Amino acid sequence: MSASWKQLLLLRHAKSSWDDPDLDDFDRPLAERGLKAAQLMGRALAARDWLPDLALVSSALRARDSWRLVAVELPALPQVAFARTLYNASAADILSQIRQVDPSSGSLLVVGHNPGLEDLAKQLAGPRSETKARKRLEEKFPTGALARFVFEGDWSGLSSARLTHCLRPKDLG
């Protein structure tokens with residue numbers, strides 16, 4: 001990807017466990033299905049060479065665990081920043097954090113939560129987006145889903161991008 005082109009990967013955390021109803025939502029771990037889905041998504045990123053330079057990850061346990069399982073599948077570990085501000089963030093709040101990313105970073109992975117992440121993905125999907133990817137995004141953006149965008153410019157000016165793929169764990173395994 002040339003210096004002016006950017007890749008944005010929005011990954012919803014994998015399926016979390018509700019086995020312990022006394023746990024605070026922030027501290028819920030991944031369910032067995034989530035463990036498998038995160039690994040599948042990591043393999044998919046590596047196989048497609050969609051490798052982030054930087055990962056912004058919600059500091060909620062299920063997001064951190066999703067990231068950990070994705071990261072072990074990547075050929076090299078990118079810089080990672082854990083952010084409490086991504087937990088329950090709105091689309092506008094997530095976009096604000098993305099716009100602060102250093103312009104030298106060419107590929108960014110954000111691991112977060114719905115509804116903010118899905119709302120942002122739908123908001124960003126510009127007119128040149130792939131029809132199949134847009135349809136999948138509109139149908140459902142379940143836990144473990146990934147939306148891939150490309151755009152030309154800097155993070156600070158991001159308002160619209162080309163949605164190229166929307167992958168769901170069930171599509172991979």
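Helices here are DSSP runs of H or I, at least four residues long, numbered from the N terminus. By that rule, residues 169–172 form helix α6, and Lys 170 lies in it. Please keep in mind that this is a predicted model.

Lys 170 first. Its relative accessible area is 68%, so Lys 170 is exposed. On the surface, Lys 170 gathers with Lys 15, Arg 33 and Lys 140 in a patch of positive charge.

Now the salt bridges. The structure holds ten of them. Five residues are linked in a network: Lys 135, Arg 136, Glu 139, Arg 168 and Asp 171. Within helix α5, residues 131–139, Lys 135 and Glu 139 sit four residues apart, about one turn of the helix. Their side chains meet at 4.0 Å, N to O. Glu 139 also pairs with Arg 168, at 3.3 Å. Is Arg 168 buried or exposed? Arg 168 counts as buried, because its relative accessibility is 9%. Lys 135, at 54%, counts as exposed.

The N to O distance between Glu 118 and Lys 122 is 3.0 Å. Glu 118 is buried at 15%, while Lys 122 is partly exposed at 30%.

Last, Arg 62 in helix α2, residues 61–71. Arg 62 has 3% relative accessibility and so counts as buried. Its side chain makes a polar contact with the side chain of His 13, at 3.2 Å.

Definitions and conventions
Residues numbered from 1 in each chain as written. Predicted model: local features only at pLDDT ≥ 70, side-chain atom pairs only at ≥ 80, totals over all residues. Heavy atoms only, no water. Patch = residues over 30% accessible without salt bridge, like charges linked within 9 Å, V, L, I, M, F, W, Y side chains within 5 Å. Areas by Shrake-Rupley, 256 points an atom, 1.4 Å probe, with all protein chains shown as cover. Lys, Arg positive; Asp, Glu negative; His and termini not counted. Charge placed at Lys NZ, Arg CZ, Asp CG, Glu CD. Helix = DSSP H or I, 4+ residues; strand = E, 2+ residues; numbered from the N terminus. Buried < 20%, exposed > 50% of the residue type's maximum accessible area, 1.4 Å probe, protein only. Polar contact = N/O pair within 3.5 Å; in protein donor to acceptor, adjacent residues only side chain to side chain.
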